[in-house]
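This briefing is meant for someone meeting the structure for the first time. Please look over the sequence and the model before reading on.

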Amino acid sequence: MPAAIETVMKPRAAPAGGGLRHRKRTAGLWGETMIWLCGGALALNLLLVICLVGLLAVNGLSCFWQKPLILFEFKDGSWALGEIHETEFVKNADGRSADGRSADGRSADGRNGADGALRIKVRFANVDTGQQDFGWIDENTIERRTEPVDAAYIERFEWSPFIGFPKEIRRDGAAATLDGGDIYKTVDRILGEKLQLRGVIQTFEKEQIGSIDEELNRLRLRKKALVGKSGADAEGQTEILRIDKTVESMNREHDVLEKKLLELKKGLESDVLVLETAAGAKREVPIGGIARFVRPNDLGFGGRSILYIRRVGEFLFDNPRNLNTEGGIFPAIFGTVMMVLLMSFAVVPFGVLAALYLREYAKQGFIVRLVRIAVNNLAGVPSIVFGMFGLGFFVYMVGGSIDQLFFAESLPSPTFGTGGILWASLTLALLTVPVVIVASEEGLAAVPRIVREGSLALGATKFETTWRVVIPAAAPGILTGLILAMARAAGEVAPLMIVGMVKLATTMPLDGSPPFLHPERKFMHLGFHIYDMAFQNKNVDATKPLIFATSFLLIAIVTAMNLTAISLRNHLRRKYAGASV
Amino acid sequence: MGISSNKDRSRRAETSARRRLSDRFAKYFVTIGGLAIIACVLGIFVFILGEVMPLFAEATVAPGRFLSFSSPPRAVLTDEYQTWCLALEDRGIVKCYDLAAGREAPEFKIDGLEGQVYARAAAKHGGFHVVLADGRECVAAVKFNIDFKGSVRVVTPIVQKPAIFEFGAKGPSDASDARIGPEGARGLAAVSGDKLIYLNRSVTKNEMTGEVEDDISKTEAAAPANIRRLAVDLEGQNVYGATRDGELARWRIQNNKLEPADRVKVGGAPVSALGFLLGDQSLLVGQEDGGVSVWFLVGRNTDSKILTRIRDFKKHPLAVTRFEASTREKSFFSLDAGGGLRLAHSTSERILWEGRSPVADPSGILYTPKADGLFVYNTETLAVLDIHNPHPETSVKALFGKVWYENNIEPEYSWQSSSSSNDVEPKLSLVPIVYGTLKGTFYSLLLAIPAAVLAAMYTSQFLSWGLRRFVKPIVEIMASLPSVVIGFLAGLWLAPRVASGFVAIISMILMVPVSIVAAGFIGRILPKTFRARFPQGTEIPCFMIAIAAGAWLAMLSSGPVESALFGGNFQAWLLRTTGAEYNQNNAIVVGMAMGFAVIPIIFAVAEDAFSNVPKTLISASLALGAHRWQTVTRVVLPTASPGIFSGIMIGFGRAVGETMIVVMATGVTAIMDWSPFNGFRTLSANIANEIPEAPHGGTLYRILFLSGLLLFGFTFIINTAAELVRQRLRSKYSTL
């Protein structure tokens, strides 16, 4: 043996002539360098993840923090009021207009001079005055900046925010008296009243008018069905007449309610706040349309913190406002949770049943191995393919048939023959069933044979062993699969784009009107909401903070679920690490 | 005792039977249920295949009803619901046959045709064209009014006052063709001897007086001898003629003036039939030897267009006598002298149906306006063929080959599923989309493979146990990040930053490795006693700091580098030197984002493969004096390479199917171009973009299912192959 090694070593060592040590060292240095690069690759990956999460966290969490309002005085004597969003260095100051605002700074970049300038991205808001929402200001055109205490930031229900200086309050066209001469106190008081009124109007619309609308719609469909079924049938005719009469009286009732609603809504318009913009123009803003009235520069740290918490609360529990650019994302959170729950009801029994068959009942052989590989690989099939299948099979085929059988009276407008939460959940169940099968199988396989044999030896049948011994022992594995499946479903968007997503759901898939659960309704989804806000919205600058916040929420949910699944799985593996045979 | 034991046994037997029953029931339930679920999941493939199959099905053409004419017709027309058959007879009589009932309705008389003898008569969609024996030509527009009385449809035919064209000839023209628009006759071209005469009709209505002015202007040009067939397009831009010598002539009409003819040889037998495809741009040429070819004008600008032979179809056994084009897409019927009928589609080059005329010696054919039927008639009978031809425009060649579309100068791969005008056909080549898919995958793997494989190698071979416990979950979290979030960041955050700092990105590629090596070197020369104070695994945070420092340096230096190398502006430099435009949402951005999504997938599998390399092999190598790196490259890497390969394959599969990142981070331009500064369109993004608007069951819908099937099959095969490789590897080394 030693001789053999020598013959191998000799020719290699010979040419360098005692340079073996040297060679080894250079090889070592080269190798070390490569190892460092490998380590660098790992560090890069980790850094990327940390950066991504950090970027989302910083941007998503900071967007609720109220920024100060800055009054800019330009060298040419003009004024502007806004909040600073971004500062960047531009390599040369090209000929931007004197007021320093240009719609798209990037396209105006000449980038061939050596001297540079700072420029600032400012939100001027006030789009209804013809102002651009966001704009760039060149630092060197600014003469002075101040933070005026009386500048107000007003969030509105139907428009993007308004920034200006409150001057007076008018009631029905005449100047109103102020409470103790303090305009802000008065605004706060009136705002409180109006928000209350808004609440009253909302419940009125939803409960009184909404229920009548629903009933009318039901009667309309009933009538259509009767007309379609029996034109000459005497009983049908009287029924139709009866329906007509009811509809008529209900329509009258509806009109009365509508009038009442209009009167109520007039109340929202009665008080207006007159504001002066930085340019000196006066605008009237109805107090009834204000969602929040803030004077940022007057707020201390405590006040801002309270505002922050309120905004986070609004984000989580309120409806979107103003074409999804403001307000909350509650319907999206609710829709996601509903869909994931519905999906879980479908995916757990199916996944576990298939895993049980594959692991416990099927004869282990070539075919089962193939099936297992196939199921495994379904998890790698692009999600869009499942979406397509969902559209073709669930929506068009199954949904279309259900419509023809049970909802023929409302055709051609489809009930189940269009995207909805049920179809979305079932599509995602198909998408995630391989995950559950694989994890459940792993869980079942981890149950030691001794345990099964013990149970069988005590006289239990196979079914009893499986049901009472194996499945409870494999439960963490099954749960792991379920959590992984839920996390995937919560983050998946592509298939949902096809089978039942909407920008803005006016109704929830679960509400107070019978039958409470509406599986045919469209719904909102966090992931799709991100896509929609980012790419279907004209004013991306205004929605960006909300997209960041939503993205952060989504990855927080998905990550929390995954971490739970990982720790469960590790726990399971440790538990059976020694025992599995 | 005996009794009691008997009782005992029977009780035991009773319970055991129930349990056995439930056990057996459970067995069947699980087996059937499990198999059913697996079958359902695998049934997705079958369902998608089922949606795709009709694309390649042939057209069905079945004989429908028959109608006997009471007197021989010269030409027939019908409405889009096939309610009426209007038959033009001699002496200006138009008979109306109710096709459903087979009855005759009151007939029309065309003014000015009473007692006239016809030389020829023809029907075009929109009206009848009659050539009288005295040389005059007469075009009578026919309209169908559609009304609804309650839910009953009432179709009323209206034969309008004819337009009479006179061009001074004594006898009938040799050949002629009329332009009939929805408002009536627009013009007429005729050949008489060696002259081509074109008459343009303009009808202007005086808004004030309501007077209608019917004006016919005339223009002439020389024509080659022996012209047999003539065709003028609806827009009145070109007149085409075919001679007995097998030549095609084309006259351009400009400002109502005929330009001299261009002449092209067809070759072979004399031309016996001429016709247009939908849109009146493609010319159908039928010859006496049964040849059928499609021609259209090809040229870079309107003045230099030349009539070019585009494609040939299988020959008819006998001379082609007539063409009839669909009004829905580019398919057409051709009829030969022996009554042989054929339905073909021009763009897809498919023969959709072949058969024989149901009536003997057909004198004419008519494609119904909805393209759902063909009227074949002789002097006595009319037969209606019912046509079901849902997807004529798809063939393997149209989907995957180069197709020469009208208005293009050469055959090309092109995807343009919807168009503004009805006459422009959808272009459905999947090649640019498959190309885009591969391009996106290529750029993402360019980043992902080195980053993932090197990191996996480090994790499994060099990383301390303590850190490994953190790294793996982090990578799993990375894998689970929703792609919509990555796509949003790529599209709205990364893309503008890459656009403005592209040079910084390039210098990062150089600076980051350098700074990593520098950091490693500094660590090495530090005294051992100092190094020993830190726990194992400290190198990773150090590397992170080094990377951040390198990136920061790269950003700092990018300004001077950009002005030194690229004249201060990389995008302008790129355009100037290579002519490539910098598109903000380009392949680099998608590559980075998709690479990020793929890294954890490759990492997981590769790490598994590295870890599965038996420790004995590594120990043996080290014991023989090999360095750590030598061991890794010469022992670990070759052993684990099939596993790494399968990891790359799985990553490839993921990148191929990724949807949201592509949809959000790149435009969806379907162009074929390897440039990293351009966007692309992938199969998955194409589905996501187009399927919501694709009508259920339509051609686009099924083609999108076909691309889904491609994705499905592709990823399934790749994943299966990768899985088999992995399993083999595992069983091979499990014994070591």
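The contact between the two chains draws 83 residues from chain B and 79 residues from chain A. All of this is read from a predicted model, and the values that follow are computed from it.

**The contact between the chains**
- On the side of chain B that touches chain A, the element that gives the most is helix α1 of chain B, residues 2-52, with 19 residues.
- The residues on that side of chain B divide into 50 nonpolar, 22 polar and eleven charged.

**Chain A as a whole**
- Chain A holds 14 helices and 13 strands, and of its 581 residues, 37% count as buried.
- When contacts in chain A between residues at least 6 apart in sequence are considered, 70% of them join residues at least 24 apart.

**A four-stranded sheet in chain B**
- In chain B, four strands make up an open sheet in the order β20-β21-β22-β23, with antiparallel pairing.
- The edges of this sheet are β20 (271-276) and β23 (306-313) of chain B, each of which pairs on one side only.
- On average, and with direction ignored, neighbouring strands of the sheet are turned by 30° against each other.
- Strand β20(B) is joined by five bridges to β21 of chain B, residues 283-287, and the two run antiparallel; B:Phe276 stands opposite B:Leu283, which belongs to β21(B).

**A residue in a loop of the sheet**
- The loop between β22 (292-298) and β23 of chain B is where B:Thr302 is found.
- Is B:Thr302 buried or exposed? B:Thr302 counts as exposed because it has 10 C-beta neighbours inside 10 Å, and the cut-off for exposed is 12 or fewer.
- B:Thr302 and B:Ala623 lie 321 residues apart along the chain, and their C-alpha atoms are separated by 80 Å.

**Helix α10 of chain B**
- Helix α10 of chain B covers residues 587-611, and because a helix should span 1.5 Å a residue, its 25 residues should span 36 Å, which agrees with the 34 Å between its end C-alpha atoms.
- At B:Val598, α10(B) bends by about 30°, and a proline, B:Pro600, follows within four residues.
- How many of the 25 residues of α10(B) are buried? The helix is mostly covered, with 23 of these residues buried.

How values were computed
Residues numbered from 1 in each chain as written. Chains lettered and ligands numbered in written order. Predicted model: local features only at pLDDT ≥ 70, side-chain atom pairs only at ≥ 80, totals over all residues. Pairing = 2+ DSSP bridges. Axes fitted to C-alpha atoms, helices over the stretch in contact; angles between N-to-C directions. Expected span 1.5 Å × (residues − 1). Bend = angle between axes of the 7 residues up to and from the residue. Buried ≥ 20, exposed ≤ 12 C-beta atoms within 10 Å, placed from the backbone. Contact = placed C-beta atoms within 7 Å. Nonpolar A, V, L, I, M, F, W, Y, C, P; charged D, E, K, R; others polar.
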